[in-house]
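These are my notebook entries on a structure I looked through. The sequence and model come first, then what I looked up.

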Amino acid sequence: MTAAFVIASLFLGMAVILVPLAHRLNLGSVLGYLIAGAIVGIVLTYVAPMLGMETTHLLEQLNHASEFGVVLMLFVIGLEIRPSHLWRMKSTILSAGGLQVSITALLIMAVSMLVFHLTWQVGLAIGLTLSLSSTAIIMSTLKEKGWQNTVGGKASFAALLFQDIAVIPIIAVIPLLAVSSVASHNEIAHGIDITAYLPTWLKPIVVILAIVLVYILSRYLINPLFDYIARARQKEIFTTAALGLVTTIAAFMSLIGLSPALGVFIAGVILSESEYRHELEADIEPFKGLLLGVFFMTVGAAFNFSLFGEQFMLIGLLTVGLILLKASVLYLVGKVLRLKKIEHALFFLALAQGGEFAFVLFTLAVGQNVIDPSIADTLRIVVALSMAITPLLFLLYEKVLLKKMMTTDSDDRAADDIDEENKIIVAGVGRFGQIVGRLLQYNQFNVTALDNDPNMIDTLRKYGWKVFFGDATRMDLLHAAGIDSATGMVIAMNDPDKVLELTAYLIKHHPNLTLFVRARDRTVAYQLHRMGVKNIYRETFESSATMGEDVLKHLGMRAYQAKRAKLRYQQEDEALVAQLAESFFAEDEKGHLLKVQQQLDNLAKVLSNDQHVKQHSMNKDSGWDESSLIEDLGSKNKY
Amino acid sequence: MNKVLVLFAHPVYQTSLLNKSLLAGLPNSEHVTLHDLYETYPNFMINVAREQALLESHDVIVFQHPMYWYSCPALLKEWMDLVLEHGYAYGTGATALKDKYFISSITSGGDVGNYEGEKNIRNLLQPFEFTANLCNMKFLPPFITYGGLKIKAGNFDQNLTTDYLTQQVSNFNQLIEDLIHDRIDPQACEQYATMNERFDLTEVSQ
């Protein structure tokens, strides 16, 4: 028991230190786990003998346990697939992913056979494995930089989606590539195979029946079962059921000699359209994360560092070669997809590394005696290095290529207004700021725009906008955009936190600048109010009030009466925002109210105010109220 | 046959008994177009081209509105400011409105007594008369309906009888019919201060 605690603490402790660090450096958590594992591996060579264990044996056992993490990962991938959603993207996924995976795999296979004189089976296994990129690193970087909705980001996502699905057939194909069936370490993958004694012709039928059974089970039995469990309102039983479902299917698949990963993947896909999808995903996610983490750490611990020393040149060349080869193939695929140059660069730089699946597949391939362990050891290090280089490639894209492409673009197009500083800067030209900018341009006022969506910038530039790429909260960018000579600034970014940050900065450092600030909702409006911002624009305030005006008209109110009703309501509400802004923060500072409770309280205040207003003005417009006139002029004979 | 355009402006039509009654009494004819300005332009964003096209397709222009501070409601003034452009309605070569009839149909909350002496209705409506003349239109004396407030209060007397409004509605209907059928002689109307006198005289002569 002591030994188990010591080893667990070593692994978990290293992970806790290194994974967040890797994340901070944009290296992705996978690399963090690998490095943590590598360090633990070195430490273990000294510690394990003291505990009376053998390092390799220990790692092997840990590895088996953590392979359950891989199974869970495939289940979650299945859950995320949603066939209906996939069907809509089929052409992009197929062209982006299909071409990339097949060409890369074939090229790597050719290199293995011609340069390294490996058999075609080994070449194909290596090619398929290395054709996959790192979903974890790419998706988190795209999200962080806000590029996931750009054309290049979407193309990358489509290719990754294809790769995630392609893992399943690759897992199925790799065992078939084994040359010697004699020594397959079958017990790792399945152990007992009840179909072993069946006649060969019956096996495919059993497999098909099994898949149909999994389908029927997932489709018709699981929903009622989860309904039953959900009604009991026992969170941990739901989690237990989710894990149990995965183990049951995995066990069943192993029993008939199929890959458990394949079985749970199919179950995941079927359940992806069920209403329990999110709940299942949330329940499995922590286990998946933890076990996968352990899996990557065991891979890291098994890194052969002496190998790295011996084959320093070879590993270096292979890493550079892999990245160059993958980038070239992606470059061609990007041409086929007709990506524009900025998007194209993002696409071929982002996906040019080996991925976390490579570790899974190498382990499988070695276990199935497809690849020689020494080759796998070398290639694991190559993949890990290529992943470590990825952030540098993103940096190259962001700081060099993007900047260069942006400036050459603006040189051709907007050479004349480069010196002329515009009076208005619009930060964020998405769905909100765009309208402000367009209205100004429409009236011959040029604006300087800041945004971090390269695609948007490209389009706006074509139409004569002066657009700077980047995060508007960056000081150097604000200066380049001419903040010192601007008189007004439109702050219309999507992210309320960025809006508040920029507003606070400008109030402090450019107090003479007139600010026009977008407020996502009431709460943001309160904050802006408190900061002393005069021009606050609540996002949906105008359009929803206009909708209300039209509904009043539909109910039979005269158009002008409805217009005034809307304007009066808005006036009241604006006054209320000013009034409530103070009390909102007074309560916040006490820390007594939860956020949600606060919002509800807030709504209650607004509603009670409405009631009060209604009582004293009812449906009247004081401008044309004639009741006193009738009293005065109508009944007495005055004047 | 003339086509009659009634340009109606009332910001709180929903409370106006006089205007509701008068408009309900408009002849139900394809020769009459009722154009409700406050309903069409609650944002005061008047579509000038559309308004000018409307003017051109009609022969008689009726301004139908309440008396607000001795003038018309704001949107009708805005309409005049924007639609009656120089070079279109007046000025060199401007003939768009030439020889069309212009007549005001005014409602008032007050009594005849409120519009006496210097404040007589023709004096007050001089800006409209000058406007019509500048546009080379044929100006007709206004048609006035008084007593909105008293009628609402139910305060009738010998000057404001209970059937006053019914009579006014029928006269207004007659007036529009006469305009459609071109039965009105502008020269002959010059003797009247208001178009109401024409009906008073016919009633007397009957």
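Is Glu78(B) buried, partly exposed or exposed? I found Glu78(B) partly exposed, because 17 other C-beta atoms lie within 10 Å. The cut-offs I used are 20 or more other C-beta atoms within 10 Å of a residue's own for buried, 12 or fewer for exposed, and in between for partly exposed, with C-beta atoms placed from the backbone.

**Conventions.** I worked from a predicted model, in which local features need pLDDT of at least 70, side-chain atom pairs count only at pLDDT 80 or more, and totals for chains, interfaces and linings use all residues. Residues are numbered from 1 along each chain as its sequence is written, and chains are lettered from A and ligands numbered from 1 in the order in which they are written.

**Around Glu78(B).** I placed Glu78(B) in helix α4 (residues 74–83) of chain B. Helices (H or I, at least four residues) and strands (E, at least two) are DSSP runs, numbered from the N terminus. Leaving out residues up to four places away in sequence, Glu78(B) touches Phe44(B) and Ile46(B); contact is taken as C-beta atoms, placed from the backbone, within 7 Å. Phe44(B) is 34 residues from Glu78(B) along the chain, and their C-alpha atoms are separated by 7.7 Å.

**Chain B overall.** I noted 10 helices and 6 strands in chain B. Chain B has 206 residues, of which 38% count as buried. Of the chain B contacts between residues at least 6 apart in sequence, 83% join residues at least 24 apart.

**Where B meets A.** I looked up the contact between the chains: 18 residues of chain B against 14 residues of chain A. On the chain B side, α2 (37–40) and α7 (148–153) are the elements that give two or more residues. α7(B) gives the most, with 4 residues. By class, that side of chain B has 7 nonpolar, 8 polar and 3 charged residues. Nonpolar here covers Ala, Val, Leu, Ile, Met, Phe, Trp, Tyr, Cys and Pro, charged covers Asp, Glu, Lys and Arg, and polar covers the others, Gly among them.

**Cores.** Which residues touch the most other members of the largest nonpolar core? They are Val71(A), Phe75(A) and Val264(A), in a core of 128 residues. Such a core is a set of buried Ala, Val, Leu, Ile, Met, Phe, Trp, Tyr and Cys residues joined through C-beta atoms within 7 Å. Apart from it I found another core of 47 residues, including Leu5(B) and Tyr146(B). Not counting residues up to four places away in sequence, Val264(A) has among its contacts Val71(A), Phe75(A) and Ile249(A).

**Helix pairs in chain A.** I checked α6 (residues 120–131) against α17 (residues 356–367): the angle is about 160° and the axes are 9 Å apart. Axes are lines fitted to C-alpha atoms, for helices over the stretch in contact, and angles run from 0 to 180 degrees between N-to-C directions. α6(A) and α17(A) are therefore roughly antiparallel, a term for angles over 145 degrees. Ala125(A), Thr129(A) and Leu130(A) of α6(A) meet Ala358(A), Leu361(A), Phe362(A) and Ala365(A) of α17(A). That contact has 6 nonpolar residues, 1 polar and no charged.

I also checked α3 (residues 55–81) of chain A against α13 (residues 277–301) of chain A, which pack at about 145° with axes 7 Å apart. The contact of α3(A) with α13(A) has 17 nonpolar, 4 polar and 5 charged residues.

Methods:
Two residues are in contact if their C-beta atoms, placed from the backbone, lie within 7 Å. Angles under 35 degrees count as roughly parallel, over 145 as roughly antiparallel, 65 to 115 as roughly perpendicular and the rest as oblique.
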